[in-house]
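This report looks at aromatic contacts and charged pairs in the structure shown below.

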Amino acid sequence: MERRGNYTSINRNGPRNRRYYAKSSTECLLKWYADHETNPYPSNEEKQELATASGLSVERVIQWFTNKRTEMRRKTFRKIKKASTVSHHLEEWFSEHESTHIQPWNKERNWH
């Protein structure tokens, strides 16, 4: 493990190094991201200000935002996929139990 500025570089005999940013560096980036979640793309001026505030280079700030947006897209996709799977299982269950006396779901009228 090698400490470089505001991040730590770790090589565990793998093909790439992982960088873990100092908490103090990412706090301002996380706050900016949360405040701009609907459009998480800082302008060039904002990137420069965030780099100064975090102690990271502009390139590192750019990469941090790229990684964060990718992470959030993946989380959103997983939630959608999970909800879709649950919905599919519910539809299967209800279609299998349509002939029973208890029908909690009626497609035409929603709930009885």
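**Aromatic cluster**

Trp32, Trp64 and Phe65 are joined into a cluster by ring pairs, where rings of Phe, Tyr and Trp (its six-membered ring) pair if their centres lie within 6.5 Å, with planes under 30 degrees apart counted as stacked, over 60 as edge-to-face and the rest as tilted. The model is predicted, so local features need pLDDT of at least 70 and side-chain atom pairs count only at pLDDT 80 or more, while totals for chains, interfaces and linings use all residues. Residues are numbered from 1 along each chain as its sequence is written, and side-chain values use heavy atoms, with hydrogens and water left out.

A search of the whole structure finds two aromatic pairs. The ring centres of Trp32 and Phe65 are 5.3 Å apart with planes at 85°, so this pair is edge-to-face. Phe65 is buried at a relative accessible area of 2% (buried is under 20% relative accessible area, exposed over 50%, partly exposed in between, with a 1.4 Å probe and protein chains only). The rings of Trp64 and Phe65 have centres 5.0 Å apart and planes at 85°, so they too are edge-to-face.

**Salt-bridge network**

Lys68, Glu71 and Lys75 are linked in a network of salt bridges, each being a side-chain nitrogen of Lys or Arg within 4 Å of a carboxyl oxygen of Asp or Glu. The N to O distance is 3.8 Å for Lys68 and Glu71, and 3.2 Å for Lys75 and Glu71. Lys68 counts as buried at 16% relative accessibility, whereas Glu71 is partly exposed at 32%.
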